[in-house]
Amino acid sequence: MMNSFQNWVRPMRWMPWEWCVALLIASAHELRGQTAAGSGAESVGLTEVQRGAALAQQYCSACHLFPEPSLLDKKTWINGALRKMAPYLGVARIRYAGRPDGARLEASHLFPPAPWLTETEWNAIRHYYAQEAPETAHPSPARDPIGMTLPGFSVERLGNVRTPPLTTFVKVDGAKREILLGDAGLGVLSRFGSGGRWLGETPVRGATVGLCLDGGRTFATLIGEVFPSDVPSGKLVVLPDIGSEGAPKEVLTGLQRPTCTVVSDFNGDGRNDFLICSFGNYLGRLSWFEQLPNGQFDEHVLLDTPGALKAEVLDVNGDGSMDFFVLMAQGNEGLFLFTNQGNGDFSVRPLLRFHPAFGSTGFELVDMNGDRFPDVLLTNGDNGEYPSPFKNYHGVRIYLNNGHYQFTEALFYPLNGAFKAVARDFDGDGDVDVAAISFFADYSRPEETGFVYLQQQGAMQFTAQTVAEARLGRWLTMDAGDVDGNGSLDLVLGSFAQGPPGIEIPSALQVAWRTNGVSGLLMRNLVIPSKKP
C-alpha cells in the first residue's frame, strides 16, 4: 500500500494548484470557523502574528515542508520568497504576455484563477514572516580555516573559448585520456588531451549537461534553455563519431530542461530504456521512456512536477530489477527511492526531506565509511532565484546508510552556494576524500575561491584546502577521473561566467571570468598510488 506521500508522487492528473488546494479545504474551514466574519483576529484572542503563523502553517505546509521564518532574513522574505509564492495562492498574477513560455504556462493552469485566501489573510502571513524573521541572515557555523595550497596537485588552465566561457558539462574520459567540455554558447563538446592541449570539437547543437553510453553509442542530454524557462526545447541526441562531419541525431525532443539521463532496462524486456530528470522551472517532470521493439520510445510519467535534478540507478533489494534514487528541488525538496515493482511500475518512499529554501544542487551515492552500503554525498547551495544573503545551511553533507536505507547526517561542511561534490580516494591512503565546488561563493573572502578539497584524516574528519587559481572561473560543473593514466584521480572544473548574480560578486572578478579565456581547470593529481601486494 502506498502511504500519503506515495499518493502524492504517483503520476499527477491534477494541476499543482488544484491538488494543493484540495489539501487546504478542510483546514481552511476549521481556521476560519474560529473567527466570526468581519470580527478580526481579536474575537478569538489571536494576535496578528499568531493568526499569520496559523495561516502560514495551513497554506505553506500543503505542498512542501513548512518554511520556518528563521530560514531567511526579513527583506528576503518580503521581496523574494513571498513574492514567488504569491501566484501559487492566486494573490498575484504571472504576466504571460511577452514570455517565450507564456502560452504554455497559461495553458497549464498551474496558478489558480482566483485568490484562495483573502487580502487580510495574505497580509497576516506576510506580517508573520516580517515580524518573526531575523533582521539579518544567520551567519554560517564556524569552521576551521581553509588552507590556500593544495599539495599533491598541479593546476592547469583549459582554454580555447571563443565567447565568454559557458561551460555546462565536463567529463574525464579515462579510456581515451581525454577531457570533454560542453559549452552552451558554442554548442559543441571540446576535446582536450591528457596534457591539457585542445584536440578539436564535436558539434552537439546545444548545451550539453550529461553523457551516457548504450550499445557503443554516446547519448548527450541537451538542456535547451539554460536559464529558468518552461520552453520545452531540451533534447536527447546521439552524437556523431569523434572527428566525423556528421550531425547529432535527435532521439527525444520537447523535453522540459532535462538535467540528467540514465540508461537501464526498467521493465526487463531486454531493451534499454531512458530515465530522464526534466527539471523545468514552473513546469517539469520525471519520466522513464520505454524503448519499443521498433526503436521508438513511450513516455511513462512518474512525477508531473518540476525539480527533478539527478538520478542514480541501483538494484537496492537484489531482485534483479533496477531501482533508482532521485534528488528533487523546486519546493518539495528531498531524496527519494523508487523501487521497481516489475513491468516498469515503481513504489516510492522519501529518504531525506528538506524545506523549500534548502537549495538542493546535487548528490552521489558512495560508500564513505567502508561498510559496503552506499551513503549519500549531497550539496545544497542554490541561491539564484532572487537576490538573497548567504544561507547558514548551505554546504556539503554526508548521510550514512544504516544498511536499511535509513540515513543519518554524519557531516555538514558549511560552504556558501555549494553546487557539486565528488567523493574519491584522491590521496591513495584508503579512505574517501571530497572535492566540492560553489557557484554562489562569498567571493569577497580570499579563501572562498569556489572550490574546496576536503581531505579525510580518518573517522570522517576532514581538513579543507583550496588553490588561488580557483578564482579564475565561476564553477558550475566538475568531474573526477584519471586523465593521464598514472593511476591517480584528477579533477576538472568547468566555468560558467554569466550565471545569475543572486549574490554580490565584485565587478572586476566578473569581467575577469568573461575575458580571461579560462573555460576550465585541470587539477592534475601528482600522487602516485602505491601498488598493493
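Let's start with a cross-strand pair: F324 has F338 in β16 as its bridge partner. Keep in mind that this is a predicted model.

**The sheet**

Strands β15 and β16 pair in the antiparallel sense over five bridges. They belong to an open sheet of four strands, ordered β14-β15-β16-β17 and paired antiparallel. β14 and β17 are at the edges with a single partner strand each, so one side of each has no neighbour in the sheet. On average, neighbouring strands of this sheet are turned by 20° against each other, direction ignored. As background, strands of a sheet pair through backbone hydrogen bonds, either parallel or antiparallel.

Here is where the strands sit:

| Strand | Residues |
|---|---|
| β14 | 308-314 |
| β15 | 323-328 |
| β16 | 333-342 |
| β17 | 345-354 |

**A look at E312**

Strand β14 contains E312. What does the side chain of E312 reach at 3.4 Å? That would be the backbone nitrogen of L365. Leaving out residues up to four places away in sequence, E312 touches D323, F324, F325, F363, E364 and L365.

**Two helices**

Elsewhere, helix α4 (residues 74-85) packs with helix α6 (residues 119-132) at an angle of about 150°, their axes 9 Å apart. The crossing of α4 past α6 is right-handed. On the α4 side, the contact uses K74, W77, I78, L82 and M85, which meet W122, I125, R126, Y129, A130, Q131 and E132 of α6. By type, the residues of this contact split into eight nonpolar, one polar and three charged.

Technical notes
Residues numbered from 1 in each chain as written. Predicted model: local features only at pLDDT ≥ 70, side-chain atom pairs only at ≥ 80, totals over all residues. Heavy atoms only, no water. Axes fitted to C-alpha atoms, helices over the stretch in contact; angles between N-to-C directions. Left-handed = near helix turned anticlockwise from the far one by under 90°. Contact = heavy atoms within 4.5 Å. Nonpolar A, V, L, I, M, F, W, Y, C, P; charged D, E, K, R; others polar. Polar contact = N/O pair within 3.5 Å; in protein donor to acceptor, adjacent residues only side chain to side chain. Pairing = 2+ DSSP bridges.
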